[in-house]
Amino acid sequence: MGKQVIGLGAGRKKQSYMEPFLTPLGPVIWRKFAPMAIRSYPETSERVICAMKSAIKQPKTKVGRLLKRGLLTLQYNGARRIFERDPQAIAAVWNGLNGTRRVFADAAQDAGCKRLLFELGPLPNTLTVDPNGVNFHNSLPRRPDPYLTWYQNMAPHHDMWRSVARKISQRQALKPSQQEANGLPDLSAPFVFVPLQVPGDSQLRLFGGLYRTVPEMIAMLCKMAPLLPEGWHIRVKEHPSSPVSFADLIPAREARIHIDNSTDTFSQVQAAQLVLTTNSSVGLEAMFFEKPVVAVGDCFWAIQGIAHDARDPAALREVFDNPSRVSFDAQSRSAFLEFLCQEYYLNPNEPLGAKLKIERRLNGDWGFGDA
């Protein structure tokens, strides 16, 4: 029999994704609520501070903050005690970036236990299962050579990634903006495509860098737009799930920025000369359409030769001064995308076939060889 898996309840639907991948590892015990204990550990305070900062719901009063801090303290201590009693256990958590789930995952790690953190993958019909974390916190290397080594020596079927673009589709489009009613530049004109993200998205809050809100991103675009070469424009699409529109933040005098909510997202990606994002999954998806991609926030895929890292304001100015110069190395990108498709992202409909991959991940073996 395998090691015991201790999972923190994530709701019926999310647990239905997780459990088939966990049961081959050993008996699974689901805790509906995080355990609690009074006795603290040397790491308790630091872990709770981090969890407070990342929490989705931030208390608005001093009393609320004290109560939330106290709850997270009890939860960290309780989880730590559970995992110290069974140091061979594997912790299973959905997302693990925020609040209670974060202290649960941190407690397991501090107790010396292995972890698996789950999240829906950014590509169609995929699941992230990573022992370190999800999104920017994942375990993947931030340099191209491991992917190139794997691609050259180990990939059984090269360029499977090329078929993914046919499966990528946008969510339901928003209503056209007033600006669209007044006319948009033709898609044949050179433009930078900027897909905006959902306001308050954890990707923005935790990994947005200088642009942790949608208004901050729009303000940056307004500042950078005049730097574009003659004939270029910025084409912005608001996220279909956004509860509000931010079109009014673009001054009427700014003739180089246009909102296009009605044209299909990936029609705009295909027509764009460049795709720029804070850290939207559209940035990763745009690579499957062989487009140069620029990230201005923290992205695990903003790797030299694969996508352009423009978190530094000086690097960002260079992008807008000469967007045509932004490029990528085709071989490095192919290797990276192929690894994501064949190895990293798992198919939620094939959990048994992923058992070996998950066991290797728990042991720190990603199959990169000596790279």
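This report walks through a predicted model of one protein chain, from its overall build to single residues.

## Overall build

The protein chain holds 13 helices and 11 strands. Its C-alpha atoms fill a box of roughly 65 × 55 × 35 Å, taken along the principal axes. How does the radius of gyration fit a compact globule of 371 residues? Such a globule would have a value near 21 Å, and the protein chain has 22 Å, which agrees.

Of the 371 residues, 51% count as buried. The accessible surface comes to about 17,200 Å². Carbon and sulfur atoms account for 51% of that surface. Now take the contacts between residues at least 6 apart in sequence. Of these, 70% join residues at least 24 apart.

Start with strand β1, residues 5-8.

Strand β1 pairs with strand β2, which spans residues 28-31. The two run parallel and are joined by four bridges. Valine 5 stands opposite valine 28 in β2. Helix α1, residues 12-22, also belongs to this part of the chain: β1, α1 and β2 make a right-handed β-α-β unit.

Strand β1 has a pairing with β3 too, a strand of residues 90-94. This pairing is parallel and has three bridges. Here isoleucine 6 has alanine 91 as its bridge partner.

## A six-strand sheet

Six strands form an open sheet. Their order is β8-β7-β6-β9-β10-β11, and the pairing is parallel. Which strands stand at the edges? They are β8 (257-259) and β11 (308-309). Each has a single partner strand, so one side of each is left without a neighbour in the sheet.

Inside the order, β6 is listed next to β7. Strand β6 covers residues 191-195, and β7 covers residues 233-237. Five bridges link them in the parallel sense. Valine 194 stands opposite valine 236 in β7. Strands of a sheet pair through backbone hydrogen bonds.

## Cysteines without disulfides

A disulfide is a covalent bond between the sulfur atoms of two cysteines. How many does a search of the whole structure find? It finds zero.

Take cysteine 113 as one case. Its closest cysteine sulfur is in cysteine 50, 20 Å away, which is too far for a bond. Cysteine 113 is buried, with a relative accessible area of 6%. Cysteine 299 is in no disulfide either. The nearest cysteine sulfur to it belongs to cysteine 341 and is 18 Å away. Cysteine 299 also counts as buried, at 7% relative accessibility.

Arginine 102 is found in helix α4, residues 99-110. Is it buried or exposed? Arginine 102 counts as buried because its relative accessibility is 19%, and buried means under 20%. Leaving aside residues up to four places away in sequence, arginine 102 touches Cys50, Ala51, Ser54, Gly96 and Leu97.

Lysine 357 sits in helix α13, residues 355-362. Its relative accessibility is 21%, so lysine 357 counts as partly exposed. With residues up to four places away again left out, lysine 357 touches Gln342, Glu343 and Leu346. Lysine 357 and valine 93 are 264 residues apart in sequence. In space, their C-alpha atoms are 18 Å apart.

## Two loops with positive phi

What is the phi of asparagine 125? It is near 55 degrees, a positive value in a residue other than glycine. Asparagine 125 is found in the loop between β4 (114-120) and β5 (127-130). At 45% relative accessibility, this residue counts as partly exposed.

Glutamate 290 has a positive phi as well, near 60 degrees, and is likewise a residue other than glycine. Its loop runs between α10 (281-287) and β10 (293-295). Glutamate 290 counts as partly exposed, with 43% relative accessibility.

Key
Residues are numbered from 1 along each chain as its sequence is written. This is a predicted model: local features need pLDDT of at least 70, side-chain atom pairs count only at pLDDT 80 or more; totals for chains, interfaces and linings use all residues. Side-chain values use heavy atoms; hydrogens and water are left out. Buried means under 20% relative accessible area, exposed over 50%, partly exposed in between (1.4 Å probe, protein chains only). Two strands pair if DSSP finds at least two bridges between them. A crossover is right-handed if, with the strands pointing away from the viewer, the path from the first strand over the helix to the second runs clockwise. The radius of gyration is taken over C-alpha atoms; the globule rule is 2.2 Å times the number of residues to the power 0.38. Contact means heavy atoms within 4.5 Å. Accessible areas come from the Shrake-Rupley method with a 1.4 Å probe; for residues, only the protein chains shown count as cover. A disulfide is a pair of cysteine sulfur atoms within 2.5 Å.
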